[in-house]
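Subject: Aromatic contacts in the model

Hi,

Here is the structure I promised to pass on. Could you have a look at it alongside the notes below?

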Amino acid sequence: MREYVSGLFLILDSRKYTDDLAFIGISPFEGQQTIVVKGGNRETSTRGKALDIGNAIKAKLYKRHHYYLTESEIVESFSFLKSDLTTIVLFQILLAVLKQTYFLAERQFFFSLYNSLLDINISKDVERAQLGIFLLIMKVLNFYDILEFPITCQICGNTIYQGNFDFLGFYCEKHKANNGSEFSLFTNTTRIDFLKTVLKDLLNVTVTFNPVIATLSLDQTQED
Ligand SMILES: [Zn+2]
């Protein structure tokens, strides 16, 4: 017997096969799922088109050995978040972090994140979008106890936005560790550098910068 499921999914990643397409999506009720779109990679397929990374879709699925997509419609494509290079990189990092962390359905957490993304997208304010997505990434890392935010110095406990860190934790300018990696959260460039280092060290995730908007994709070291 087929079991049908329908609901909202945020698309984190997708993979193409000869004829088929599989995407990884997260939902408030289903957690993280891999969903197969039979024939989704065919030239003639219209269903495959809605499944760009970073889109939110309303999907109807049935479950057999996997989830299979029967219908989908785009609810939100977050086009503003995909219109500026720095914002795209931050958005990619957020999706990569969610792919590594969001396995169980966390309704409240999902909607708080999703509604923030909607607000940021609607604001059409680049600076607000960049800072907002950065803070969302920190919120996810904080929620899963991967990284505490705001960051505090190991020695004095002060909140810090720059300093350095090693495998034991973070240090302010005054208590710097000898062989720590420097970090600063004051500019987008240094925020992105910081996130890349932290994600590599803590989650073994490598986010590669892909400036092509139409083929927004995530390359990660962990293939499955
Ligand atoms: Zn200190």
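A charge counts as sitting over a ring if NZ of Lys or CZ of Arg is within 6 Å of the ring centre and within 35 degrees of the ring normal. R191 does this with F134, its charged end being 5.4 Å from the ring's centre. R64 also lies over a ring face, that of Y68, at 5.8 Å from the centre.

Before the rest, some background. This is a predicted model, where local features need pLDDT of at least 70 and side-chain atom pairs count only at pLDDT 80 or more, while totals for chains, interfaces and linings use all residues. Residues are numbered from 1 along each chain as its sequence is written, and side-chain values use heavy atoms, with hydrogens and water left out.

Now the ring pairs: the structure holds 19 aromatic pairs. Rings of Phe, Tyr and Trp (its six-membered ring) pair if their centres lie within 6.5 Å; planes under 30 degrees apart count as stacked, over 60 as edge-to-face and the rest as tilted.

F170 and F183 have ring centres 5.4 Å apart and planes at 75°, so they are edge-to-face. F170 and F183 are both buried (under 20% relative accessible area, 1.4 Å probe, protein chains only). F183 also pairs with F194: the centres are 5.1 Å apart and the planes at 35°, so this pair is tilted. F194 is buried as well.

Elsewhere, ring pairs join F78, F91, Y102, F109, F110, F111, Y114, F143 and Y144 into a cluster.

Best wishes

Key:
Buried < 20%, exposed > 50% of the residue type's maximum accessible area, 1.4 Å probe, protein only.
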